[in-house]
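Hi,

Here is the model I said I would pass on.

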Amino acid sequence: MTTGFWHQVAAVIERDLLRERRRGDVLWITIPFGAIALLLIPLAVGTDAALLRQIGPGMYWVIVMLFGVLVAVGKASSETLPQQDASSLAGLDPAAGFVGRSVSSGVLLLIFELVVGLVAVGLYNISVIGIPWLVLTLVLAAAGLALLGTLTGAIVNSTSAGTTLVPLLVAPLSVPLLLGATQAYDGLRFGHSILSWVLVMATVVLIVAMIGVLTARPLQET
Amino acid sequence: MQSQTRIRRWPWIAIGLSLAVAFTLSMVSPADSVQGDLVRIMYVHVPSAWLAYLAFFVTFIGSVAYLITRSLRWDRIAAASAEIGVYFTGLAIALGMTWAKPTWGVWWTWDARLTLTAIMFFVYLGYLALRRTTDDQVLRAGRASVLGVLGAIQIPLVHFSVIWWRTLHQPPSLVRPDGPAIQDPMMLAALIGGVVAFTIVYVSLMVKRIELIHLEDRKVDMESAVERPVAGEAVTAPELGASS
Amino acid sequence: MSQWAWVAFAYTIAYGSLVVFAVSIAVRIRTTRRSIGDTE
């Protein structure tokens with residue numbers, strides 16, 4: 001890990017965030033999509049306030065897991081093969097590319113979580129409790145989902161089914177994140193320790209980050 | 001030629017024989033004192049579930065070995081095992097539901113092991129879907145092996161989180177999907193016989209499935225060799241003195 | 001349904017699908033072998 005590596009990571013993050021500012025995929029597509037999903041659920045299950053308050057946090061996290069992955073997918077498919085060849089010819093370390101794309105996806109996912117979270121709190125009257133721990137689970141969920149999305153995005157890269165395949169691959173693998181986030185919220189509500197769930201989420205983040213860095217070069221070569 | 005044909009046919013004979021033995025054992029074993037004849041479903045359900053786990057473990061090994069050695073032989077093993085694994089996972093779930101309905105009155109319970117098996121099914125369904133998107137053998141092997149490793153390493157985490165979810169969230173359910181405590185030697189023989197027979201079936205299917213992947217790859221190679229344009233094909237010889 | 005009916009149902013699923021799975025592999029091996037001109 002030389003300084004060159006982190007410079008490359010920073011360059012990738014800057015490029016991704018600039019592209020988001022220019023095109024606004026997350027702001028104009030993914031966030032409204034998540035918000036309208038939260039609006040649709042009460043239309044389907046009924047508008048009983050107590051029921052919505054009870055299922056609200058779970059619904060919120062399901063939507064984050066299913067729609068949030070689209071943030072990482074958009075990034076994977078926005079890079080064409082000639083662009084990838086150009087970056088690798090320019091000497092971009094594939095691992096730096098992976099870390100950079102994951103961090104930028106993570107940042108965008110955190111914004112997605114916060115905005116959609118505010119919508120959920122408003123629509124379902126969810127109580128916001130244990131803010132430091134809540135923020136920690138939001139960050140870990142964003143990081144884990146960003147890493148999973150970026151890694152599977154690199155795996156299905158430029159295949160015919162690319163964008164439809166990533167959600168199928170990520171959804172079953174994101175189960176520990178979903179359980180960690182929802183159980184941590186329940187733990188906060190009922191005053192249990194949530195440390196074990198935070199550790200589960202952190203382990204997912206570490207393991208996927210490690211696999212992503214180790215397999216970045218083999219994936220680039222193929 | 002004759003001996004080669006025999007070699008190619010042994011998996012089918014092995015499958016037929018082992019299934020016949022397993023079927024006989026499970027039919028002659030006595031009924032359970034609590035579950036009655038329903039216990040016989042266990043002799044196909046448990047071996048299927050065991051093979052589901054074994055097959056996915058082999059896929060993991062094949063994927064790791066491919067990433068290290070870059071030999072397509074390992075990729076074929078991983079692919080064949082994943083396909084057979086998805087089949088046995090689906091079978092184990094279907095048989096489990098068939099067992100659950102008459103025993104507990106419901107098709108599905110949110111038991112940790114059931115949930116984990118269903119999640120595994122989808123992880124490896126995605127693996128097979130990924131393989132279908134790429135024709136190039138080396139490209140496909142590289143992508144699939146990374147997913148094979150990622151899927152297998154995530155499984156223990158899914159396992160622990162699902163178990164914690166069940167134990168922390170709700171009191172243990174009254175009906176647990178543990179098989180009945182087996183004391184009768186005939187019942188034990190039926191169960192072990194089923195596991196051994198299904199494992200032989202798995203190995204035999206693997207041999208034939210790998211043979212099929214090998215043939216399919218050769219077919220793709222031959223087809224692409226025909227389609228590939230020949231260098232200089234577009235160049236035509238200059239015609240001299242054509243104008244008259 | 002009686003217990004034996006459930007058992008019969010389960011065994012039909014298990015053994016039936018195994019046979020279908022094995023036969024499908026055998027048929028695909030045969031057709032692929034033919035299409036590449038490899039005779040047994």
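**Confidence first**

In chain B, residues 170-177 have a pLDDT that stays under 50, and for this stretch the model has 7 contacts beyond four places in sequence. Here pLDDT is the predictor's confidence in each residue, from 0 to 100, and contact means heavy atoms within 4.5 Å. Where pLDDT is low, the predicted coordinates should not be read in detail. For chain B the mean pLDDT is 83, with 83% of its residues at 70 or more. Residues 1-6 of chain B have a pLDDT below 50, and that stretch has 3 contacts in the model beyond near neighbours in sequence.

Some conventions: this is a predicted model, in which local features need pLDDT of at least 70 and side-chain atom pairs count only at pLDDT 80 or more, while totals for chains, interfaces and linings use all residues. Residues are numbered from 1 along each chain as its sequence is written, chains are lettered from A and ligands numbered from 1 in the order in which they are written, and side-chain values use heavy atoms, leaving out hydrogens and water.

**The fold of chain B**

Chain B has 6 helices and 0 strands (DSSP runs, H or I of at least four residues for helices and E of at least two for strands, numbered from the N terminus). Of its 244 residues, 48% count as buried, that is, under 20% relative accessible area with a 1.4 Å probe, protein chains only. Among contacts in chain B with a separation of 6 or more, 80% are between residues 24 or more positions apart.

**Two helix pairs**

The axes (lines fitted to C-alpha atoms over the stretch in contact, with angles from 0 to 180 degrees between N-to-C directions) of α2(B), residues 42-69, and α3(B) come within 7 Å and cross at roughly 160 degrees. α2(B) and α3(B) are therefore roughly antiparallel, the term for angles over 145 degrees.

For α3(B), residues 72-104, and α4(B), residues 112-132, the axes come within 9 Å and cross at roughly 140 degrees. The contact involves residues including Ala82(B), Val86(B) and Ile93(B) of α3(B), and Phe121(B), Leu125(B) and Leu128(B) of α4(B).

**The loop between them**

Thr109(B) sits in the loop between α3 and α4 of chain B. Thr109(B) is buried, at a relative accessible area of 18%. Leaving aside residues up to four places away in sequence, Thr109(B) touches Trp104(B) and Leu114(B).

Best wishes

Methods. Buried means under 20% relative accessible area, exposed over 50%, partly exposed in between (1.4 Å probe, protein chains only). Angles under 35 degrees count as roughly parallel, over 145 as roughly antiparallel, 65 to 115 as roughly perpendicular and the rest as oblique.
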